[in-house]
Amino acid sequence: MDRVDLAVVGGGVIGALIAREAVAAFPGATVAVLERGLIGQGASRRSAGVHFPRGASERVRSMSEHSERVWERLGAELGLPIRALDATVVASSDAEALSATYLRLGDETAPADPDRGWAAPPGARAWELDGCHYADVQAVAGRVLAELRDRVTVLEGCEVTELSSDGEYHRLVLGQGQELLARRVVLAPGPWIAHPAWADLVAPLGLRVKKVVAAHVESAPGPGDPLTIFHDEDAFLLPLHERGHHLFSYTCDRWDVAPDDAGLGLEPSDLDDARAVLGRFAPGLVARCTSGRVFCDAYSPHREPVVAELLPGLVFAGAANGAGYRLAPAIAAETVAALDLTPTGALSHLLQRQS
């Protein structure tokens, strides 16, 4: 039976960055990433991949700032598919109120653009926002792990069907019959929080899974089109230059779905809801809102990511509340810091060398 120091269950962008953070902190540790499908194929593949520096709490603002620095560095080091964007925040608030949420609010600008068919609801104002980008998240996860292949074992098509602990090792049974013993385990399952192998362990966290919808607006972005964030509506319009259209993300309020639900798809009511919000700001785009993408994400009761030890040496990392890509580097840093890497085995030799 194979043994590792750390097993990361989930090969999305959060799992990939946890693996990277772990080998950077403990270069001698043996690390395995276990993914039921292909790397980045789950929630990461459906992600808008947008980053803008904001947070409703001090912790999330700090996580956003940390993540922005990491993405800037990794983007340069690994040649990640990340594209910087100008951005505008539209809101009925004043600058002082918005600055409590957005980290780099800039100058006030016009909330309407008649040349582009943009309207401005009564009382709306707009500000520039620095530090924004978007990425191909599936490709990012794949590239991060590709760079680690000489230090991390990556097992794709390997669903964890059983998870148990004897106090020293965690035993993971994989779908093809292979077994793995890990001193430490990180669960980074995205919205698969109710998987039978760990549902009982995760249940006390009080997480719920919400449907996430983003409409595709068939309007080709211009070279300088900004990301537009509609603060009051918790929505944004993102120019996807590489795909040749815009993406409109709005808040869908359908809860307690599951990622493997056969009925988790784009419904007529989803587009109706998207058009209703979009029409307040860009009525000329409503008729072009004809398709989209649907998935889901795990949400925490306090709307902040969760990094929690479920059992000694078994940590849950996720419930990113729709911000998995945006906060992934900070989630990874908190996760590795939370791991109780007791100095035994390969880790013992490593820590003795570092002391």
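Contact here means heavy atoms within 4.5 Å. The model is a predicted one, in which local features need pLDDT of at least 70 and side-chain atom pairs count only at pLDDT 80 or more, while totals for chains, interfaces and linings use all residues. Residues are numbered from 1 along each chain as its sequence is written, and side-chain values use heavy atoms, with hydrogens and water left out.

Taken as a whole, the protein holds nine helices and 19 strands, these being DSSP runs numbered from the N terminus (helices are H or I with at least four residues, strands E with at least two). Its radius of gyration is 21 Å, close to the 20 Å that the globule rule gives for 355 residues, so the protein is as compact as a globular protein of that length. For that comparison the radius is taken over C-alpha atoms, and the rule is 2.2 Å times the number of residues to the power 0.38. The C-alpha trace spans about 65 × 45 × 35 Å along its principal axes. Of the 355 residues, 53% count as buried (buried is under 20% relative accessible area, exposed over 50%, partly exposed in between, with a 1.4 Å probe and protein chains only).

Now to strand β19 (residues 314-318). Five of its five residues are buried, so β19 is largely enclosed by the rest of the structure. In a regular strand the side chains alternate between the two faces of the sheet. Here L314, F316 and G318 point one way, V315 and A317 the other, and all are buried. Two neighbours pair with β19, where pairing takes at least two DSSP bridges between the strands. Strand β18 (residues 306-311) pairs with β19 in the antiparallel sense over five bridges, and V306 has G318 as its bridge partner. The hairpin of β18 and β19 has two residues between the strands, and G313 takes a positive phi near 80 degrees there.

A319, in the loop between β19 and α8 (324-338), has phi near 50 degrees; at 3% relative accessibility, A319 counts as buried. D256 has phi near 60 degrees and sits in the loop between β16 (245-250) and α7 (268-278). At 53% relative accessibility, D256 counts as exposed.

Elsewhere, an open sheet of three strands runs in the order β3-β8-β4 with antiparallel pairing. Its edge strands, β3 (50-51) and β4 (82-85), each pair on one side only. Four bridges join β4 to strand β8 (residues 132-135), and L85 stands opposite C132 in β8.

As for helix packing, the axes of α1 (residues 13-25) and α3 (residues 58-78) come within 14 Å and cross at roughly 80 degrees. Axes are lines fitted to C-alpha atoms, for helices over the stretch in contact, with angles from 0 to 180 degrees between N-to-C directions. The two helices are therefore roughly perpendicular to each other, a label covering 65 to 115 degrees. V13, L17 and R20 in α1 meet W71, R73, L74, E77 and L78 in α3. By class, this contact has five nonpolar, no polar and three charged residues (Ala, Val, Leu, Ile, Met, Phe, Trp, Tyr, Cys and Pro are nonpolar, Asp, Glu, Lys and Arg charged, and the others, Gly among them, polar).

Conventions
Parallel < 35°, antiparallel > 145°, perpendicular 65-115°, else oblique.
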